[in-house]
Amino acid sequence: MKALRDAFDSVHPFFAKGGPLEKAYPMYEALDTFLFTPGETAHGRTHVRDNIDLKRMMITVVFALIPVTLFGMWNTGYQANTAIQKMTEANVDVDFDWHHTVHTAVGFGHDPANHVDNFIYGAIFFIPIYVVCMFVGGHIELVFSVLRGHEINEGFLVTGLLFPLTLPASIPLWQVAVGIAFGVIVAKEVFGGTGRNFLNVALTSRAFLYFAYAGQISGDKVWTAVDGFSGATALGQMANASEDAVGSLSAVQYVWGAEEPITWMSAFIGTIQGCVGETSALLCLVGALILIATGIGSWKIMAGVIAGVTATALLLNVAGSETNAMFAVPFYWHLVIGGVAFGLVFMATDPVSASMTEMGKWIYGILIGFMTVLIRVINPAFPEGIMLAILFGNVFAPLIDWGVVQLNIRRRAARYVTA
């Protein structure tokens, strides 16, 4: 490592201010600080020194996302191979594309019982999405860094992985490029870059695609990576079920999915249709433990979302509805479907766009949980709910923090008056 450190130090003058490659300094700095601890440190007695910097924090979040990502690739292949098997048994022609060509060219088949087949086929769908996202978004970050003359912000390491995980595997790659470009520019760079955006960049990108290209990111035909195969998500099936079916767990298991019933355990594990990385509540829980143990993710926000979802669902269960079966969905189902687990662990806890105050974190989390259930129940046209709820929470986070600070000021002022 010393030889590599010496090599970086030897070329540093070329990229430093006044050097011939001054404009390319952000690229040099990004690679240097990715491999080594940044050389610049705070000075003075008032600074508290920590053993973690922004890059290391972001890498920890990426590490927490690895279980979800690996399972997402496997589940994408599993759902696709299961659909292919069903269509083949029913003598229905399968319209294969280049993903199948690559898959078979490297010697793999479409056996849903073969875990390697599932993982490789899912990876062939996910990796191009991830590469396009990182290439387009990374270059936009680079351009803004060069124009502004500052280092490349490492926040995109997380955004570049979160955004692909919130997409269906069948999404066109050009829409991935358009979506991430919109999110990085509109939700982040126009406000000054990392640390100054008040909206979650990955969710802003997804919301843009949701409203601009709804046909490729919603409906029953986008969740399984097989052309012509139609299959609704758990929430989609709930919206079309009767209230009695939704209200009874045993009935739910046999009504929501006519051929392949969706059980609570399958939803918890994640072997259901949905976005690439949002189906497994179990592995989101693993990610939550990593983020909480390292002090990067706020357990108060996570607990607040769970409390908000639970309380709102119970309230709507009591209210009931003769025309809307979603009122009867139990709270424990809300927590494992529709990306709630993924959203509360990896999106709601974004330290930039979330509330900063300790009391504000509770209020912020509860607000997101409340809005999630309210959106998906009252207006089933937006079945997931968590995406819009978190963006709604992002908008109100500064106001929540302001209110908490003002409350503390008034409390202390009253204390001094009485003293």
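1. In this predicted model, a polar atom of the Asn200 side chain lies 3.0 Å from the backbone nitrogen of Leu203. The side chain of Asn200 also reaches the backbone nitrogen of Ala202, at 3.1 Å.

2. Where does Asn200 lie? Asn200 is in the loop between helix H7 (173-187) and helix H8 (201-212).

3. Is Asn200 buried or exposed? The relative accessibility of Asn200 is 3%. Buried means under 20%, so Asn200 counts as buried.

4. Which residues does Asn200 touch, once its neighbours within four places in sequence are left aside? Asn200 is in contact with Met347, Asp350, Ser353, Leu391 and Asn394.

5. H13 covers residues 281-293, which makes 13 residues. From its first C-alpha to its last, H13 reaches 18 Å, close to the 18 Å expected at 1.5 Å a residue.

6. The buried residues in H13 are Ala281, Leu283, Cys284, Gly287, Ala288 and Leu291. Viewed down the axis of H13, the buried residues fall within an arc of 160°, so they line one face of the helix. As background, an α-helix has 3.6 residues a turn, so residues three or four places apart point the same way.

7. What does H13 carry on the face turned away from its buried side? That face has the exposed residues Leu289 and Ala293.

8. Gly295 follows H13, and the phi of Gly295 is positive, near 75°.

Conventions: Residues are numbered from 1 along each chain as its sequence is written. This is a predicted model: local features need pLDDT of at least 70, side-chain atom pairs count only at pLDDT 80 or more; totals for chains, interfaces and linings use all residues. Side-chain values use heavy atoms; hydrogens and water are left out. Helices (H or I, at least four residues) and strands (E, at least two) are DSSP runs, numbered from the N terminus. Buried means under 20% relative accessible area, exposed over 50%, partly exposed in between (1.4 Å probe, protein chains only). A polar contact is a pair of N or O atoms within 3.5 Å; within protein, one must be able to donate a hydrogen and the other to accept it, and residues adjacent in sequence count only if both atoms are side-chain atoms. Contact means heavy atoms within 4.5 Å. The expected span of a helix is 1.5 Å times one less than its number of residues. The arc is that of the directions from the helix axis to the C-beta atoms.
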